[in-house]
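Keep the picture open while you read, and look up each residue as it comes along.

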Amino acid sequence: MHSHHWSSLFIALGIGLLVGVGYPIVDVGLACRIPISEACVWGKAYFPLTLGVSVVLLGGLTAGLAYALLVVARPPVAP
């Protein structure tokens, strides 16, 4: 029974990390389509801060939601 929760936890953490790291990368990538734009310059300047905050807040929220959905969606395991 515990392996069910551990696998759900690791899947949820992977999803949260992917979203937390992926969002700032995509955001700066879209802003830097024009490399001299103000959004690109500020995005690059604040990228480390944005990455740290995004992993903790956005990644944590996504991981929690994914874990809740995975635990509810899986059928119970017979003992």
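Let's start with a word we'll need a lot: two residues are in contact when they have heavy atoms within 4.5 Å. Among contacts in the protein chain between residues at least 6 apart in sequence, 76% join residues at least 24 apart.

Before going on, a bit of housekeeping. This is a predicted model, where local features need pLDDT of at least 70 and side-chain atom pairs count only at pLDDT 80 or more, while totals for chains, interfaces and linings use all residues. Residues are numbered from 1 along each chain as its sequence is written, and side-chain values use heavy atoms, with hydrogens and water left out.

**The overall build**

What does the protein chain consist of, going from the N terminus? Its elements run α-α-α, and the count is three helices and zero strands. (Helices are DSSP runs of H or I with at least four residues, strands are runs of E with at least two, and both are numbered from the N terminus.)

Now for the dimensions. Along the principal axes, the C-alpha atoms fill a box of roughly 60 × 20 × 15 Å. The radius of gyration of the protein chain is 17 Å, whereas a compact globule of 79 residues would be near 12 Å. That radius is taken over C-alpha atoms, and the globule rule is 2.2 Å times the number of residues to the power 0.38.

How much of the chain is buried? Of the 79 residues, 20% count as buried. Buried means under 20% relative accessible area, exposed means over 50%, and partly exposed is in between (1.4 Å probe, protein chains only). The protein chain exposes about 5800 Å², and carbon and sulfur atoms supply 79% of that area. Accessible areas come from the Shrake-Rupley method with a 1.4 Å probe, and for residues only the protein chains shown count as cover.

**Helix H3 and its patch**

Helix H3 covers residues 47-73 and gives the most to a nonpolar surface patch, with four residues. The patch is formed by Trp42, Tyr46, Leu49, Val53, Val56 and Leu57, with about 650 Å² of accessible area together. (Patch residues have over 30% relative accessible area and no salt bridge; like charges are joined within 9 Å, and nonpolar side chains, meaning Val, Leu, Ile, Met, Phe, Trp and Tyr, within 5 Å. A salt bridge is a side-chain nitrogen of Lys or Arg within 4 Å of a carboxyl oxygen of Asp or Glu.)

Here are some residues with their relative accessible areas:

| Residue | Relative accessible area | Class |
|---|---|---|
| Leu49 | 53% | exposed |
| Val56 | 59% | exposed |
| Leu57 | 59% | exposed |
| Tyr23 | 48% | partly exposed |
| Tyr67 | 28% | partly exposed |

H3 has buried residues too: Ser54, Gly59, Thr62, Ala63 and Ala66.

Tyr23 sits in helix H1, residues 2-31. Which residues does Tyr23 contact, leaving aside neighbours within four places in sequence? They are Ser54 and Leu58.

Tyr67 belongs to helix H3. Not counting residues up to four places away in sequence, Tyr67 touches His5, Ser8, Leu9 and Ala12. Tyr67 and Gly16 are 51 residues apart in sequence, yet 9.6 Å apart in space, C-alpha to C-alpha. Likewise, Leu57 and Gly20 are 37 residues apart in sequence and 7.8 Å apart in space, C-alpha to C-alpha.
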